[in-house]
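Dear colleague,

My notes on it come after the structure itself.

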Amino acid sequence: MGLMDLDKTRIRKLRGPLLDWFDGEERRYPWRDDRSPYSVLVSEFMLQQTRIATVLERGYYTNWMNAFPDWAALASASEAEILKAWEGLGYYNRARNLQKTAKVIHTDREGEEPGSREEWLRMPGVGPYTAAAVASIAMDEVCGVVDGNVERVFSRLFSYEQPIATPDSKRRFQEISDLLVSPERPGDWNAAIMELGQFLCTPTSPRCSSCPVQGVCQALQKGVVDQVPVKAKKSAPIKKKEQVAICRHGEKVLLAVETSSRRRGLHRLPLLDEIEILGRQWVQVDHFDYAITKYKVGLDVYFADLPDPLAATISCDLPEDQLCWVDLSQPSDSWPAMGAPFKKALLRHIKRRQEVLPGLE
Ligand code: SF4
């Protein structure tokens, strides 16, 4: 069976068993209880580049919906509030784009939500996958989604042995997704095909013996399941080094405000070469690696105790309005929103001090 070589019988053999399997699994997610365009869009933005377990276990979705229950509440929130609610999920432009969309809908469109996949595509940060997910799940539009799970499932179902990351492959996967989607239950069909990829048709060791569509799976019949999808080799991460400073005065530590577009408004530890402390030596106290986009960053953490809080700011390259102090005696939840590596460095600093100076932190 080729990618577009699908007759009605074969489509039936796919749709029926897959939807039956989906109904039987009954996975409960909070965003499935309220299938409004707002709740679906929030969940889809959160789940881009983040695992479902992370979003659920740490309560990101529920906390967000409590803080910003609708377009109006999100549109009127401050940037600091939305970054704090998103803290730890990373890729903060998702939160900013979500708020931009809320402003377009609440303010420019006076509350009128986009009415189709095409209209959703015009919202800030909404790509073809997200537009199809919201239109099908929240509005029953008959359109198919294509994400990494769907690409893997289709590659195997149709034994697609071309590289999947090319524009031609992307176009063909979208065509097949739009063709296969159930007219009666488009949202459930899209969720079902993605869940098949998440739970059975996994990247390694797919559970074909439990698969509801094994009878029509071309890769299984040809014995090439482990050879598809065909992917281009990943290039090795680029290594970088970063040196940051923990300048501490009593319980307070100096923070800088990010100004780069990706992390704008978040807080971070100042870089070592942004700060000079007269008459004091930096001591390296920690090192760990973190990954961001195509980089593997080795973070060196230096420390200095300041007798005078001004000593740090006087010799700092950053303007005063880009500096603030965080009080380490307060719970970390109440600290200003900061990038995960910097928060981790501060929490490890507190832990080390507790081990060395028990009872003082
Ligand atoms: S039979 Fe195996 S390879 Fe084919 S769709 Fe099912 S889980 Fe994936």
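This is a predicted model: local features need pLDDT of at least 70, side-chain atom pairs count only at pLDDT 80 or more; totals for chains, interfaces and linings use all residues.

The domain assignment divides the chain into domain 1, covering residues 8-227, and domain 2, covering residues 238-356, and the centres of domain 1 and domain 2, taken over C-alpha atoms, are 37 Å apart. Where the two domains meet, nine residues of domain 1 are in contact with six residues of domain 2. On the domain 1 side of this contact, helix α7 (residues 79-86) contributes the most, with four residues, and the residues of that side comprise three nonpolar, three polar and three charged ones.

Turning to the strands, β5 (residues 295-305) pairs with β1 (residues 238-249), the two running parallel and being joined by 11 bridges; within this pairing, K239 has K296 in β5 as its bridge partner. Strand β5 also pairs with β4 (residues 283-292), here in the antiparallel sense and over nine bridges, and Y290 is found opposite V297 in β5. Strands β4 and β5 form a hairpin in which two residues lie between them, and in that turn T293 has a positive phi of about 45°.

With best wishes

Note on methods: Residues are numbered from 1 along each chain as its sequence is written. Domain bounds come from an automatic or database domain assignment. Two residues are in contact if their C-beta atoms, placed from the backbone, lie within 7 Å. Ala, Val, Leu, Ile, Met, Phe, Trp, Tyr, Cys and Pro count as nonpolar, Asp, Glu, Lys and Arg as charged, and the others, Gly among them, as polar. Two strands pair if DSSP finds at least two bridges between them.
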